[in-house]
Structures are given as C-alpha cells and as structure tokens.
Amino acid sequence: MIEVFADVVCPFTHVGLSRLATRRAELDRPDVTFVIRSWPLERVNGEPVDPALIAHEVDLLRGGVAPDLFTGFDPDRFPVSTVPALALSAAAYAVSPTVGERVALEVRDLLFEQGADVGDRTVLESLAARHELEIPASVEAVDADYEEGRHRGVEGSPHFFLNGSGTFCPSLDITRPDGVLHIEFDHAAFDAFVDRDCRA
C-alpha cells in the first residue's frame, strides 16, 4: 500500500500518481494499492487555491516533465473548493480500497484531463453514480484526514507514506532558484521510492 496525503487540485500529485500507476503496471504489481487521503490546501493556507497559480504550475509541468498530461485543464473551470470532492473520495474508500482509488484518480482526471469543475455538484453526482455511491452529507472524513496528516508531519501536497516512512513529492525536484519556480522529474528519488515496495 502507498498512502498519499494530497489535494485534488495539486498538479504535482497528478504527475506522481500517474507515473506510479504506470510503473505499477510495468512491474505487474496490482496488489500495490494507492490510498489517497485528504490534504485540503484551502485549509492548510486559510484561503482558496488560486487557479492562476495552478495554471502556472501546470504549464511548467506540461512543458517539460509531463507533456502527456494536463491535456484538458481549464483554469476557468476551477473548483471554488475541493472539500466536496475529497469527501466523495473518502466515501469511496469506505466502500473498498479499489473503489476509493478509482474515484480518487478519476476526479483528478476530470479536472486535469477533461477540464471539468470538480467542485460542481452535478459533476460529483455523475462521478458518484458511475461508482454506485452517494454524495456524502458530511465532510468529517476530510477533517479527520487533515488532522491525521498534521499529526504525522505532512509537509505539503503530495506527501507519500510507504512502509512507515514519509516523503514529500518523491517524483519531482521542485526548486526556486532566484525565486523562479523550477520543476524537474527526479528519476533517482522516484526509483528509490518505488524500490521500497513495488519491486518487493
């Protein structure tokens, strides 16, 4: 099991999960599941996530690290809040790890590859119906994940936990030389992370 604390709108998470899913398939390890938990950045930062910031990060990733991803991202269809989507994902995991992973990955695909507003209730109702789920009435599971993440020392989105050890964003090298955001795929860190479980 690979456990991840992340927000839906985090493009770094989308890259990391996509690359891990590809590597999992290459290694024929369907037994390795992704448990993707809530780390709502709007609560971490005390304000809504800026779509212009995410659009800038997406442009950098699409321009070098992940030209195959973010094909439909539209900052004009950006969720005001991700808490409802995170709550639906948590409800899916309450059914089973398999359903949870499918919903957690699909909600990110909707946002980044299909240009959908995953804060829109109609979009979430359609997603829930495809997986025979109901929109949860409570966001307590999101709150519980957030508090557990704080207790476990989550540094940001995404923070991965594997075999009891936590790592912030092992797939990317994110730096700000001279205050300018720079992102590269960190092959060595990614391979080291995968070697801790997926090759076992």
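Tutor: The lining of the largest pocket splits into eleven nonpolar, three polar and four charged residues. Nonpolar means Ala, Val, Leu, Ile, Met, Phe, Trp, Tyr, Cys or Pro, charged means Asp, Glu, Lys or Arg, and the others, Gly among them, are polar. Keep in mind that this is a predicted model, where local features need pLDDT of at least 70, side-chain atom pairs count only at pLDDT 80 or more, and totals for chains, interfaces and linings use all residues. Numbering runs from 1 along each chain as its sequence is written, and side-chain values use heavy atoms, leaving out hydrogens and water.

Student: What makes something a pocket rather than a cavity?

Tutor: Work on a 1 Å grid over the protein atoms alone: a cavity is a set of points where a 1.4 Å probe fits but cannot get out, whereas a pocket is an open set with protein on both sides within 12 Å along at least five of seven lines. The largest pocket has a volume of about 350 Å³, a volume being the space filled by probe spheres set on points joined across faces, edges and corners. It has 18 lining residues, and Phe12, Leu41, Asn45, Leu53 and Glu57 are the closest to its centre. To count as lining, a residue needs an atom within 4 Å of a point.

Student: Which helices each supply at least two residues of that lining?

Tutor: Helix 1 (11-26), helix 2 (41-45) and helix 3 (51-65) do, with helix 3 giving the largest share, three residues. A helix here is a DSSP run of H or I with at least four residues, a strand a run of E with at least two, both numbered from the N terminus.

Student: Why is helix 1 called oblique to helix 8?

Tutor: Their axes are 12 Å apart and the packing angle is about 55 degrees. Under 35 degrees is roughly parallel, over 145 roughly antiparallel, 65 to 115 roughly perpendicular, and the rest oblique, so helix 1 comes out oblique to helix 8. The axes are lines fitted to C-alpha atoms over the stretch in contact, with angles from 0 to 180 degrees between N-to-C directions. Arg19, Leu20 and Arg23 of helix 1 meet Phe190, Asp191, Phe193 and Val194 of helix 8, contact being heavy atoms within 4.5 Å.

Student: What makes helix 4 roughly antiparallel to helix 5?

Tutor: The axes of helix 4 (residues 83-95) and helix 5 come within 5 Å and cross at roughly 160 degrees. The cut-off is an angle over 145, and therefore the pair is roughly antiparallel. Their contact divides into ten nonpolar, two polar and one charged residue.

Student: How do you know the handedness of the crossing of helix 4 and helix 5?

Tutor: A near helix turned anticlockwise from the far one by less than a right angle gives a left-handed crossing, and clockwise a right-handed one. Helix 4 passes helix 5 right-handed.
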